[in-house]
Amino acid sequence: MSSDQESRPADWEADKYSRTATPQREWSEAVLDRLELSGDETVVDAGCGSGNVTEDLLAKLPDGRVIGVDGSPSMIEEATARLGDDPRTSFICQDLAKLQLDEQVDHVFSNATFHWIADHDALFRSLAGATRPGGSLIAQCGGRGNVAEVIDALGVVNRQAPFAEIFGEYDDPWTFAGPEETEIRLIGAGYEDVECWLEERVAHPEDPRGFFEASFLAPARQVLDDEQFTEYTDRLLAEMGQPASFNYVRLNMTAKRKNENE
Ligand SMILES: C[S@@+](CC[C@H](N)C(=O)[O-])C[C@H]1O[C@@H](n2cnc3c(N)ncnc32)[C@H](O)[C@@H]1O
């Protein structure tokens, strides 16, 4: 892999994600409820994925707009096919840590995305730059302690043949931050009235294997062929005792973009 490829966000199986990501959509309801909207604002859905949650956000903006941003071309394609005919939407494929918009938006909303991004300082600076002073950041992502059983299983199977050779030195792809360091980072990036907290959730997906593959294994799916991917998933699920549910810890954040002239 070239360094350019390494720094690019992973592509996803958008169709499978769309069908299986019911827990993420359910959990997003409470996050969306924290957005204080009049209905005519412009809001970025940061890491919009296949548009499941974007659709719910759009319903809160009868006279507003949503700019869906995602780093995965297939997610953007899926979201555009689903919602792109609505003149209140636009979808762009960009890395959120280097976001370039033509305007400053009223608010940034994000669900189930920030833990996929390694450099949270760069991410928050980028989002702050895209938000008008007084606008808010309302987000939830995986936080400290998230999916510990999955991480343990990955640590075991990624050291087994042939995966040890394929993946090399194993480093899991997530940043599961705590509320304290996140508050410091948000303030440093130009936010105020910052509040971050953790909450525990359990996902009971209808199709645990499909959910597991579509949500956790997006980076592995890009590297493994079909046979290897099946074997990899089999071993991970066996290592975890064929789970019917997954234990999550979510990191919530609420913050207001500071007016730099104050
Ligand atoms: C678990 S999905 C969440 C999708 C949607 N927000 C939801 O709640 O269903 C995470 C999304 O983050 C996107 N993503 C990961 N890293 C990214 C980055 N650096 N820039 C933009 N999008 C990124 C992925 O492509 C994926 O669509």
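Of the 19 residues around the ligand, those that come nearest are Y17, G47, D70, G71 and N111. Here a residue is near a molecule if one of its heavy atoms lies within 4 Å of it. This is a predicted model, in which local features need pLDDT of at least 70, side-chain atom pairs count only at pLDDT 80 or more, and totals for chains, interfaces and linings use all residues. Residues are numbered from 1 along each chain as its sequence is written, and side-chain values use heavy atoms, with hydrogens and water left out.

**Confidence**

The protein chain averages a pLDDT of 94, and 96% of the residues score at least 70. pLDDT is the predictor's confidence in each residue, from 0 to 100. Over residues 1-6 the pLDDT is below 50, and this stretch has two contacts in the model beyond near neighbours in sequence. Contact means heavy atoms within 4.5 Å. Where pLDDT is low, the predicted coordinates should not be read in detail.

| Residue | Residue atom | Ligand atom | Distance |
|---|---|---|---|
| Y17 | side-chain N or O | oxygen | 2.7 Å |
| G71 | backbone N or O | nitrogen | 2.9 Å |
| L96 | polar backbone atom | nitrogen | 3.0 Å |

**Aromatic pairs**

The whole structure holds 16 aromatic pairs. Rings of Phe, Tyr and Trp (its six-membered ring) pair if their centres lie within 6.5 Å; planes under 30 degrees apart count as stacked, over 60 as edge-to-face and the rest as tilted. W12 and Y17 are edge-to-face, because their ring centres are 5.5 Å apart and their planes stand at 85 degrees. W12 counts as buried at 16% relative accessibility, and Y17 counts as buried at 12%. Buried means under 20% relative accessible area, exposed over 50%, and partly exposed in between (1.4 Å probe, protein chains only).

F163 and F167 are stacked, since their centres lie 6.4 Å apart with the planes at 25 degrees. They are four residues apart in helix α8 (residues 163-167), so about one helical turn separates them. F163 is buried at 0% relative accessibility. F167 is partly exposed at 24%.

One aromatic cluster includes W12, Y17, W27, W116 and W174. Elsewhere, the charged end of R221 sits over the ring of F229, 4.4 Å from its centre. That term requires NZ of Lys or CZ of Arg within 6 Å of the ring centre and within 35 degrees of the ring normal.

**Helix α6 and its histidines**

Helices (H or I, at least four residues) and strands (E, at least two) are DSSP runs, numbered from the N terminus. Seven of the ten residues of α6 are buried, so the helix is largely enclosed by the rest of the structure. Its buried residues pack against β4 (105-111), β5 (131-142), α9 (179-189), β6 (191-203) and β7 (246-257). At the start of α6, a side-chain oxygen of D119 comes within 3.2 Å of the backbone nitrogen of D121.

H120 lies in α6 (residues 120-129). Its relative accessible area is 2%. Neighbours within four places aside, H120 is in contact with F114, H115, T175, A177 and R185. H115 belongs to the loop between β4 and α6 and is buried at 6%. The side chain of H115 reaches the backbone nitrogen of G142 at 2.9 Å.

Key:
Polar contact = N/O pair within 3.5 Å; in protein donor to acceptor, adjacent residues only side chain to side chain.
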